[in-house]
Amino acid sequence: MLQPLIDPTFSEYSYGFRPGRRARDAVLASHQYVQDGYRVVVDVDLSKFFDRINHDILIDRLRKHVNDVGVIRLVRAYLNAGIMNGGVVVERAEGTPHGGPPSPLLANVLLDEVDRELERRGYRFARYADDCNVYVRSEKAGERVMKLLKRCYDKLHLRINTSKSAVASAFGRKFLGYTLWEAPNGEIRRAVSKKALETFKQRIRQLTGRSGGRSISQVIEGLRRYVLGWKAYFQLAQSARRWRQLDEWLRRRMRALQLKMWRRGSTIYRELLKLGAKPQVAKSVAALSRRWWHNSLSAVHNVLTIAYFDSLGMPRLT
């Protein structure tokens, strides 16, 4: 009910939780700013944003977008619903319900005036929910923007997390899981941030752990759900070599898992022969039947090939 009423009034530089807009649009906008020469970023992180949204301030800003008493009352009731603490309902004057569908929309309502102030001053920026990056040409200009943002957020009773916010080079700072880098020809390119890569690898380790009593098909089904979603989100990354490395690493983990599932040396020998391995290769792998990670990089990669895992339905990144 709220979305059609409010969304058309928001800034064009706001990309989060809006129809027809996605995180990729914010990433592409930031990329273009840097390509145009705005290579210093004011990277702002708000501390506990959704927990600190002041109800009275939010309702006041909402009235500027919606002239409907019924809607205002409904939102006020949503905000005042309270939370359960030890079996007791505790009222609150700030914060929006975690995971509540209206919460991201109401966040856009609250932060729209900050967007408008940045627009009025002609700054180039992209905001996705409470994650806002402003792009300028110099650190001096960036410091001015940071002071402006602090004043704007103070009016809304919001706090900047100084440990995670900075005025810095746009290269190496992460935004929505991406970072930017400059190619030798001067072209600005996109890559997956180090933190996002670490998170990806940690999740893959969990999904391909060599314990848990799962079948190989169950493992691959879990990989399909996670890897294909991750790949779709990071399809803007321009790092072909990195994708190949991740693919190779993922297949190596699957080889190690497959070998462990076969468990005994005799089973490994028999299964490798079925897949076309030379007897000498099958024998050498079976002789070291418990060295799964070591064997996963041996000649077995010529047997447990890309085509083999394709036949099992395993997803690829490349």
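Start at Leu176, which is buried at a relative accessible area of 15% (buried is under 20%, exposed over 50%, partly exposed in between, with a 1.4 Å probe and protein chains only). Leu176 sits in the loop between E6 and E7. Its phi is positive, about 55°, although it is not a glycine.

Before moving on, note that this is a predicted model, where local features need pLDDT of at least 70, side-chain atom pairs count only at pLDDT 80 or more, and totals for chains, interfaces and linings use all residues. Residues are numbered from 1 along each chain as its sequence is written, and side-chain values use heavy atoms, with hydrogens and water left out. Helices (H or I, at least four residues) and strands (E, at least two) are DSSP runs numbered from the N terminus.

**Stop 1: the largest pocket**

Select Asp45, Asp131, Lys174, Leu176 and Lys195. The largest pocket has a volume of about 480 Å³. Of its 17 lining residues, Asp45, Asp131, Lys174, Leu176 and Lys195 are the closest to the centre. On a 1 Å grid over the protein atoms alone, a pocket is an open set of points with protein on both sides within 12 Å along at least five of seven lines; a cavity is a set where a 1.4 Å probe fits but cannot get out; lining residues have an atom within 4 Å of a point. Points are joined across faces, edges and corners, and a volume is the space filled by probe spheres set on them.

Strand E1 (40-44) and helix H7 (194-207) each give at least two lining residues. The lining of the largest pocket has six nonpolar, three polar and eight charged residues (nonpolar: Ala, Val, Leu, Ile, Met, Phe, Trp, Tyr, Cys and Pro; charged: Asp, Glu, Lys and Arg; polar: the others, Gly among them).

**Stop 2: the second largest pocket**

This one has a volume of about 340 Å³. Of its 16 lining residues, pick Ala191, Val192, Leu197, Ser239 and Arg242, the closest to the centre. Strand E7 (178-182), strand E8 (188-192), H7 and helix H9 (240-262) each give two or more residues to the lining.

**Stop 3: the cavities**

The whole structure holds two cavities of 30 Å³ or more. The largest cavity has about 80 Å³ of space. Its lining includes Val27, Asn133, Arg173 and Tyr178. H2, E5 and E7 give two or more residues each. E7 gives the most, with three.

Now select Asp247, Arg251, Phe309, Asp310, Met314, Pro315 and Arg316, which line the second largest cavity. Its volume is about 40 Å³. The lining has three nonpolar, no polar and four charged residues.

**Stop 4: helix H6**

Select residues 139-155. The 17 residues of H6 should span 24 Å at 1.5 Å a residue, and its end C-alpha atoms are 25 Å apart, which agrees (the expected span is 1.5 Å times one less than the number of residues).

Colour the buried residues: Ala141, Gly142, Val145, Met146, Leu148, Leu149, Cys152 and Tyr153.

After H6 comes His157, with a positive phi near 65°.

**Last stop: Phe17**

Phe17 lies in the loop between helix H1 (2-6) and helix H2 (23-35). Its phi is positive, about 55°, although it is not a glycine. At 39% relative accessibility, Phe17 counts as partly exposed.
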